[in-house]
Amino acid sequence: MLRIAEPYIAWGYPNLKSIRELIYKRGFAKINKQRIPLNDNSLIEKRLGRRGIICIEDLIHEVFTVGPHFKKVTNYLWPFKLNTPTGGWRKKANHFVDGGDFGNRELHINKLLRKMI
């Protein structure tokens, strides 16, 4: 499935700082099919408290370490809506290895995320 979507997406291995910025700035919860901003820890504790996740930092840690409740946490989070990168794309039609933008960026995904948040 990844081979089919490869020309349209960029992926990589984000660091803790990138995940923290992404969840704090663009994080929303999925509660009753509604998009609710993560501005209060009581929302997180109410839904994920029985799994030991009671605050935003616990949520970030679970996502970063791919812990035992990773699937529940990612289902709780609304998909992130990102802007296009400041400065624009370099070459949308080429793979990252060939000087383009799509494909596996590995650790360089952090630079792209900073431009999009």
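Helix α2 meets helix α4 through Leu-16, Ile-19, Arg-20, Ile-23 and Tyr-24 on the α2 side and Ile-56, Glu-57, Leu-59, Ile-60, Val-63 and Phe-64 on the α4 side, where contact means heavy atoms within 4.5 Å. Sorted by type, the residues of this contact come out as nine nonpolar, no polar and two charged. For that sorting, Ala, Val, Leu, Ile, Met, Phe, Trp, Tyr, Cys and Pro count as nonpolar, Asp, Glu, Lys and Arg as charged, and the others, Gly among them, as polar. The model is a predicted one, with pLDDT of at least 70 needed for local features and 80 or more for side-chain atom pairs, while totals for chains, interfaces and linings use all residues. Residues are numbered from 1 along each chain as its sequence is written, and side-chain values use heavy atoms, with hydrogens and water left out.

Two packed helices are described by the angle between their axes and the distance between the axes. Here, α2 (residues 16–26) and α4 (residues 56–65) pack at an angle of about 130 degrees, and their axes are 10 Å apart. That angle makes α2 oblique to α4; under 35 degrees would count as roughly parallel, over 145 as roughly antiparallel and 65 to 115 as roughly perpendicular, with the rest oblique. The axes are lines fitted to C-alpha atoms, for helices over the stretch in contact, and angles run from 0 to 180 degrees between N-to-C directions. Helices themselves are DSSP runs (H or I, at least four residues), as are strands (E, at least two), numbered from the N terminus. The crossing of α2 and α4 is right-handed, that is, the near helix is turned clockwise from the far one by less than a right angle.

Side chains of opposite charge can pair when their charged atoms come close. The whole structure holds five salt bridges, each a side-chain nitrogen of Lys or Arg within 4 Å of a carboxyl oxygen of Asp or Glu. One of them joins Arg-20 to Glu-57, with the closest N and O atoms 3.0 Å apart. This pair ties together distant parts of the chain, as Arg-20 sits in α2 and Glu-57 in α4, 37 residues apart. Arg-20 is partly exposed at 30% relative accessible area, and Glu-57 is partly exposed at 32% (buried means under 20%, exposed over 50%, partly exposed in between, using a 1.4 Å probe and protein chains only).

Another salt bridge pairs Arg-3 with Glu-6, their closest N and O atoms being 3.2 Å apart. Arg-3 is exposed at 67%, whereas Glu-6 is buried at 14%. Asp-101 and Arg-105 also form a salt bridge, again with the closest N and O atoms 3.2 Å apart. Asp-101 is buried at 5%, and Arg-105 is buried at 6%.

Ile-109 lies in helix α6 (residues 109–116) and, at 8% relative accessibility, counts as buried. Beyond its neighbours within four places in sequence, Ile-109 touches Ala-10, Trp-11, Gly-12, Tyr-13 and Pro-14. Its C-alpha atom is 6.2 Å from that of Pro-14, a residue 95 places away along the chain.

Finally, the backbone. Most residues other than glycine have a negative phi. Lys-33, in the loop between β2 (28–31) and β3 (34–37), has a positive phi near 60 degrees. Val-66, in the loop between α4 and α5 (70–76), has a positive phi of about 50 degrees. Lys-33 is exposed at 79%, and Val-66 is exposed at 53%.
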